[in-house]
Amino acid sequence: MSFTLRDPSTCRWDLVSLGEVMLRLDPGDGRISTARSFHAWEGGGEYNVARGLRRCFKLRSAIVTALADNPVGRLLEDLMLQGGVDLTHVRWATHDGVGRLVRNGLNFTERGFGIRGAVGLSDRGHTAASQLKPGEIDWDTIFGAQGARWFHTGGIFAALSETTPSVAKEAMEAARRHGVVVSYDLNYRPSLWKSIGGQARAQEVNRALAPYVDVMLGNEEDFTAALGFEVEGVDEGHATLRVGAFESMIERVIGVFPNIQAVATTLRVATSATRNDWSAVLYQGGRLYKAPERKDLEIFDRVGGGDSFASGLIYGFLMGKGPQWAVDCGAAHGALAMTTPGDTTMATLDEVLKAMKMGTARVDR
């Protein structure tokens, strides 16, 4: 199988993402409960992919989301403008002055260190993005008159409310009508599904959206918890990963959802918060492609590594580089993104290309 990509000269964007954008508050080397100051970043699972495509890979990307129109929302706008992502289709919701009706999401994130794992605490009730409903976004204009080559969304957005899965489905259907490739990152977050039905509801939602997906992304926990496909030989702590078991699982996924043309999975063994074994695999056209394994990779901030893998992978596909190059690019970009703070990449394309060759960290002068 291979993707049929639209001519870039006929499209305004290379990629359009649908998702929530939150203000990340980072206590640096400290802990949330004892911090006296925080560094502010923007972030969101689907947004991070669009930003990676724009900042690292210099492609045209846009985000479809909603924000409450108050100073926090405008701070998020300012941060996104620095990231270069097109904000044409950001919807602004009138703020009620308190946040009873609509607000912007906050995400407190500890990086972790050594045996102390990273911690994420989201405060996202009643966010503007969670209140998006079908019929509010003109997807036929976005994918038709304006044009996009690739559409990306995922399980974080789908978990936000009762209406967001329908918005995602509406967008996917429109994308497919206009010949736009659709990717979906399962991105299972137990905290998001906890109060609305847990894994059972996550699987119901994600399995309903899977028939509209061309490229499915996730890690070992995502495919099990969000789609219901077990990976044999993976222990409870995910301390061991067998590539053969992943290949068998991926074949079962494609057997159930034959529309899926490619499945990509990050492989991570977290020996500590600051040292991980890192790799990735891509299954396409009946063949498995594996990125080089980076043993004992030093981690500065692991949040966003999977999103940066996705943006590197998508870049490889959009540039027609082939599956092996695409998975190598995604794995290298994800590894680099975890060497800097914040959700979003600070890597350059030259750094990614060097890392793909397993280059050293010698100083560049």
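The model is predicted, so local features need pLDDT of at least 70 and side-chain atom pairs count only at pLDDT 80 or more, while totals for chains, interfaces and linings use all residues. Residues are numbered from 1 along each chain as its sequence is written, and side-chain values use heavy atoms, with hydrogens and water left out.

Let us start with helix α1, residues 45-55. Helices (H or I, at least four residues) and strands (E, at least two) are DSSP runs, numbered from the N terminus. In α1, 9 of the 11 residues are buried, so the helix is largely enclosed by the rest of the structure. Buried means under 20% relative accessible area, exposed over 50%, and partly exposed in between, with a 1.4 Å probe and protein chains only. Among the buried residues of α1 are Glu46, Tyr47 and Arg51.

Which residues of α1 meet α10? They are Gly45, Asn48, Val49, Gly52 and Leu53, and their partners in α10 are Asp307, Ala310, Ser311, Ile314, Tyr315 and Leu318. Contact here means heavy atoms within 4.5 Å. The axes of α1 and α10 (residues 305-318) come within 8 Å and cross at roughly 50 degrees. That makes α1 oblique to α10. Axes are lines fitted to C-alpha atoms, for helices over the stretch in contact, and angles run from 0 to 180 degrees between N-to-C directions. Under 35 degrees counts as roughly parallel, over 145 as roughly antiparallel, 65 to 115 as roughly perpendicular and the rest as oblique.

Helix α3 (residues 139-147) has Trp139, Ile142, Phe143 and Gly147 as its buried residues. Seen down the axis of α3, these fall within an arc of 80 degrees, so they line one face of the helix. The arc is that of the directions from the helix axis to the C-beta atoms. Their cover includes β1 (13-18), β4 (61-69), β8 (148-154) and α5 (164-177).

Now for the cysteines. The structure holds 0 disulfides, a disulfide being a pair of cysteine sulfur atoms within 2.5 Å. The sulfur of Cys56 is 7.2 Å from the closest cysteine sulfur, in Cys329, too far for a bond.

| Residue | Relative accessibility | Class |
|---|---|---|
| Cys11 | 5% | buried |
| Cys56 | 1% | buried |
| Asp296 | 40% | partly exposed |

Most residues other than glycine have a negative phi. Asp296, in strand β14 (residues 294-298), has a positive phi near 55 degrees. His126, in the loop between β7 (119-123) and α3, has a positive phi near 65 degrees.
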